[in-house]
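Visitor: I have a structure to look over with you. Can we go through it piece by piece?

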Amino acid sequence: REGVDHVLGAVSAHVPRPQPGSVSVPLLVVHGAADEIAPVARVRQTVQGLAPRTELVTVDGGLHDALNDVTHRTVAATVVRFLERLKRGADLRPIAVEEVL
């Protein structure tokens with residue numbers, strides 16, 4: 001873990017932090033809930049307020065590379081659903097509504 005913290009510190013010193021409102025379109029952030037490199041709480045703080053609408057989707061048990069993890073099909077489906085809603089309008093109204101009965 002010390003090595004990871006060292007690398008992250010070195011990288012973050014050279015990468016500018018995004019500013020609130022700097023993204024002008026709706027934003028989808030997919031993140032592994034078990035990511036130890038970039039914990040979800042830190043990601044939530046970083047992306048909050050970046051765009052007019054930001055959706056943070058956490059993948060249960062997902063690691064740092066959520067798209068290439070065991071749940072890659074669910075992540076891909078999440079991206080497709082987001083894009084289909086975006087195509088209908090920037091308000092991202094739901095197309096399919098899940099109900100547990």
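**Walking through the model**

Guide: Start with H31, which is buried, with a relative accessible area of 9%. Keep in mind that this is a predicted model.

Visitor: Where is H31 found?

Guide: H31 belongs to strand β1, residues 27-32.

Visitor: And which residue's side chain makes a polar contact with that of H31?

Guide: D35. The two side chains, H31 and D35, are joined by a polar contact of 3.2 Å.

Visitor: What is H31 in contact with, leaving aside neighbours within four places in sequence?

Guide: The list includes A38, P39, V40 and V43. It also includes L56, V57, T58 and V59, as well as A66.

Visitor: Now D35. Where is its place?

Guide: D35 sits in the loop between β1 and α2.

Visitor: Buried or exposed?

Guide: D35 is buried, because its relative accessible area is 5% and the cut-off for buried is under 20%.

Visitor: What does D35 touch, not counting residues up to four places away?

Guide: G62, L63 and H64.

Visitor: Let's zoom out. How many helices and strands does the protein chain have?

Guide: Three helices and two strands. From the N terminus on, the order is α-β-α-β-α.

Visitor: How do β1 and β2 run, and how many bridges join them?

Guide: They run parallel, and six bridges join them. Strand β2 covers residues 54-59.

Visitor: Which residue of β2 is the bridge partner of V29?

Guide: L56.

Visitor: What unit do β1, helix α2 and β2 make?

Guide: A right-handed β-α-β unit, with α2 spanning residues 40-47.

Visitor: Which residues make up the largest nonpolar core?

Guide: Five in all: V29, A38, V43, V47 and L50. V47 touches V29 and T54, residues up to four places away in sequence not being counted.

Visitor: What about V23? Where is its place?

Guide: V23 is in the loop between α1, residues 2-12, and β1. At 25% relative accessibility, V23 is partly exposed. Leaving aside neighbours within four places in sequence, its contacts are L50, A51 and P52.

Visitor: How many Å separate the C-alpha atoms of V23 and V47?

Guide: 9.9 Å, with the two residues 24 apart along the chain.

Visitor: Back to β2. What does T58 touch, not counting residues up to four places away in sequence?

Guide: T58, which lies in strand β2, touches H31, A33 and V40. T58 counts as partly exposed, at 39% relative accessibility.

Visitor: How many Å separate the C-alpha atoms of T58 and D35?

Guide: 9.9 Å, and T58 and D35 are 23 residues apart along the chain.

Visitor: Let's move to the end of the chain. Where is L92 found?

Guide: L92 is in the segment after α3, which covers residues 72-88. L92 is buried, at 2% relative accessible area.

Visitor: What is phi of L92 near?

Guide: Near 55 degrees, a positive value in a residue other than glycine. Most residues other than glycine have a negative phi.

Visitor: And R81, where is its place?

Guide: In helix α3. R81 is partly exposed, at 40% relative accessibility.

Visitor: How many Å lie between R81 and L92, C-alpha to C-alpha?

Guide: 9.8 Å, and R81 and L92 are 11 residues apart in sequence.

Visitor: What does R81 touch, residues up to four places away in sequence not counted?

Guide: A96 and E98. The side chains of R81 and E98 are also joined by a polar contact of 3.2 Å.

Visitor: Some totals to finish. What percentage of the protein chain do buried residues make up?

Guide: 22% of the 101 residues.

How values were computed:
Residues numbered from 1 in each chain as written. Predicted model: local features only at pLDDT ≥ 70, side-chain atom pairs only at ≥ 80, totals over all residues. Heavy atoms only, no water. Helix = DSSP H or I, 4+ residues; strand = E, 2+ residues; numbered from the N terminus. Buried < 20%, exposed > 50% of the residue type's maximum accessible area, 1.4 Å probe, protein only. Polar contact = N/O pair within 3.5 Å; in protein donor to acceptor, adjacent residues only side chain to side chain. Contact = heavy atoms within 4.5 Å. Pairing = 2+ DSSP bridges. Right-handed = clockwise from strand over helix to strand, strands pointing away. Core = buried A, V, L, I, M, F, W, Y, C linked by side-chain atoms within 4.5 Å.
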